[in-house]
Amino acid sequence: MAHSRLNRVTTGDIIIGAIMVLLCFIAVYPVWYTIIISFNDANDALRGGIYLWPRKFSLQSYKTVFQDSTIIRAFMITILRTLIGTVTSVFFTAMVGYAFSKKHIMGNKIYTIIGTITMFFGGGLIPYFITLKNLGLYDNFLVYIIPGLFNFYNMIIFMSFFRGLPAGLEESAKLDGANDMVIFIKIILPLSMPVIATIALFNGVGHWNDYFAGVMYINKAELQPIQTYLYRVVASASASKAVVAMPAGISAQQVSSQSVRLATMVVTTFPIMCVYPFLQKYFVKGMLIGSIKG
């Protein structure tokens, strides 16, 4: 009977394992398919029948991507907005979270209630658009930075973490003559690397993947990020309408709109996929800290 029970458990584990493998395959295969098609010869890919690896290996689509000045400029805009937006947002949100972690601050509860309301209710897209335009942020690079400087949910995570730090650290620093800003920069921030990495990952991925801001608030082509460029290329209904600039020496027979779209998708996704594994341990730890402290 015990042997039969052991067999049933083992069979159940096998079934669960098979389901997990199937789910992983369903999640990963579309990415893998995009990669192999982007590395395949464009004309050969149109024949179909490519499932596991490139049938006729070619780098021509990637050469087209990296020789297109529009794509390179869009990449630079995305990199700049991701770096500047992430650093400024993390620092500003951490400062507010540090202030909110002090329960003796006047109006702490009132501001917390007001901030919580904004997590569930907003003014709508049209009033938001009008506000940004009146502030001079339309067709301005700062439209990527200023609206994302503060996020109340991220502030709550910072606040919860800061409240869990020993109060003696600040008291000893104040006895040595340090003010609040010095304590925050030289003591609090160095001790907050897990939660900082967590919020930085949130912001970085958000900035990198955002295409909506470029569609709604940017009309100048030189200010559009790579995700907006990719959105407009993918949204093209046919090859004749696809916005694909062919550099000198590359003919339309060497690449297709589909191959360039897929190559652009791979190039766009690759950097953020490389960064995530290095921040994953901080991400998990920071989320646990933010969820149990306070």
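Which helix holds Ile-19? Ile-19 sits in helix H1, residues 2-38. This is a predicted model, where local features need pLDDT of at least 70, side-chain atom pairs count only at pLDDT 80 or more, and totals for chains, interfaces and linings use all residues. Residues are numbered from 1 along each chain as its sequence is written, and side-chain values use heavy atoms, without hydrogens or water.

**View A. A nonpolar surface patch includes Ile-19.** Among its members are Ile-15, Met-20, Leu-23 and Phe-25. The whole patch has about 810 Å² of accessible area (Shrake-Rupley, 1.4 Å probe). Patch residues have over 30% relative accessible area and no salt bridge; nonpolar side chains are joined within 5 Å. Ile-19 is partly exposed at 44% (buried is under 20%, exposed over 50%, partly exposed in between).

**View B. Asp-210 pairs with Arg-81.** The N to O distance is 3.1 Å. A salt bridge here is a Lys or Arg side-chain nitrogen within 4 Å of an Asp or Glu carboxyl oxygen. Asp-210 lies in the loop between helices H10 and H11, and Arg-81 in helix H4, so the bridge ties together parts 129 residues apart in sequence. Arg-81 is buried at 4% relative accessibility; Asp-210 is partly exposed at 22%.

**View C. Glu-170 forms a salt bridge with Lys-102.** Their closest N and O atoms are 2.5 Å apart. Glu-170 belongs to helix H8 and Lys-102 to the loop between H4 and H5, so parts 68 residues apart in sequence are tied together. Glu-170 is buried at 13%.

**View D. Lys-174 meets Asp-180.** This salt bridge spans 3.8 Å, N to O. Lys-174 is partly exposed at 48%, as is Asp-180 at 46%. The whole structure has 3 salt bridges.

Conventions:
Patch = residues over 30% accessible without salt bridge, like charges linked within 9 Å, V, L, I, M, F, W, Y side chains within 5 Å. Helix = DSSP H or I, 4+ residues; strand = E, 2+ residues; numbered from the N terminus. Buried < 20%, exposed > 50% of the residue type's maximum accessible area, 1.4 Å probe, protein only.
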